Amino acid sequence: MSKVVIFNASPRKNGYNSKLLEQVAKGAESKGAEIIEFNLNDAGIRGCQSCFYCRTHDGCAINDYLKPMYEAINEADAIVFGSPIYYYQITGQAKVWLDRTFPLIDHDGNTITPRQPGKKVVTIFTQANSNPEVGAEGIKYVTNIFNTYGWKSEDNIHVCGAELVPDLTALEELSLRAFKAGENLVG
Ligand SMILES: Cc1cc2nc3c(=O)[nH]c(=O)nc-3n(C[C@H](O)[C@H](O)[C@H](O)COP(=O)(O)O)c2cc1C
């Protein structure tokens with residue numbers, strides 16, 4: 001059975017990001033995938049402590065909410081990540097999580113070798129501004145890191161002009177795309 005791990009970096013449970021991630025999950029589920037979701041707004045998440053445990057071990061020495069994610073990623077066929085754009089970047093919650101993915105690489109000097117390559121990826125970014133350039137740096141940042149991990153992007157949905165209360169008409173079209181992206185992660 002395919003396994004899909006979702007990372008939601010939005011604090012808004014009814015925002016665009018959460019709703020679209022839900023659709024990706026439904027699409028993948030409709031094809032028989034098992035879904036594991038991590039809410040990156042969980043209060044039990046600590047930032048990387050720079051202990052370098054992960055340089056000599058698999059996984060992370062921190063015993064918190066994210067502890068099970070290393071095994072989940074290891075077993076996953078696909079990763080789904082979503083973040084709103086805050087001040088031209090991903091959210092703080094997303095950054096804390098990215099630092100905690102340090103165990104996903106080996107590095108020797110300037111040479112980086114991914115430990116968990118070959119995952120399919122769907123990314124979702126949401127922003128209020130209608131100009132896509134506003135979130136472009138944040139998206140590039142995440143994309144570069146995922147490329148370094150040897151993960152292959154299947155779709156990137158960048159919602160621009162997001163209203164505080166999601167516009168259901170706009171959301172319907174995006175939801176369909178998100179659902180299909182989820183379906184495409186399986187098989
Ligand atoms: C602290 C903060 C900073 C934000 N900065 C930006 C920004 O720089 N550009 C922008 O277009 N929207 C910005 N927004 C708006 C969010 O990107 C927008 O509300 C988005 O839809 C939130 O996603 P969600 O619906 O998934 O929660 C900001 C919102 C917050 C709370």
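Modeller: A residue is buried if 20 or more other C-beta atoms lie within 10 Å of its own. Please keep in mind that this is a predicted model.

Colleague: Which residues of helix 5 are buried?

Modeller: They are Gly135, Gly138, Val142 and Phe146. An α-helix has 3.6 residues a turn, so residues three or four places apart point the same way.

Colleague: Against which strands do the buried residues of helix 5 pack?

Modeller: These residues pack against strand 3 (78-86), strand 4 (89-90), strand 7 (120-127) and strand 8 (152-160).

Colleague: How many residues does helix 5 have, and what distance does it reach?

Modeller: Helix 5 spans residues 133-148, which makes 16 residues. From its first C-alpha to its last it reaches 23 Å, close to the 22 Å expected at 1.5 Å a residue. Just after helix 5, Gly150 takes a positive phi of about 75 degrees.

Colleague: What pattern does the protein follow along the sequence?

Modeller: The order is β-α-β-α-α-β-β-α-β-β-β-α-β-α, with six helices and eight strands in the protein. Its radius of gyration is 16 Å, close to the 16 Å that the globule rule gives for 187 residues, so the protein is as compact as a globular protein of that length.

Colleague: What share of the residues counts as buried?

Modeller: Of the 187 residues, 39% count as buried. Among contacts with a separation of 6 or more, 79% come from residues 24 or more positions apart.

Terms used. Residues numbered from 1 in each chain as written. Predicted model: local features only at pLDDT ≥ 70, side-chain atom pairs only at ≥ 80, totals over all residues. Helix = DSSP H or I, 4+ residues; strand = E, 2+ residues; numbered from the N terminus. Rg over C-alpha atoms; globule rule 2.2 N^0.38 Å. Buried ≥ 20, exposed ≤ 12 C-beta atoms within 10 Å, placed from the backbone. Contact = placed C-beta atoms within 7 Å. Expected span 1.5 Å × (residues − 1).
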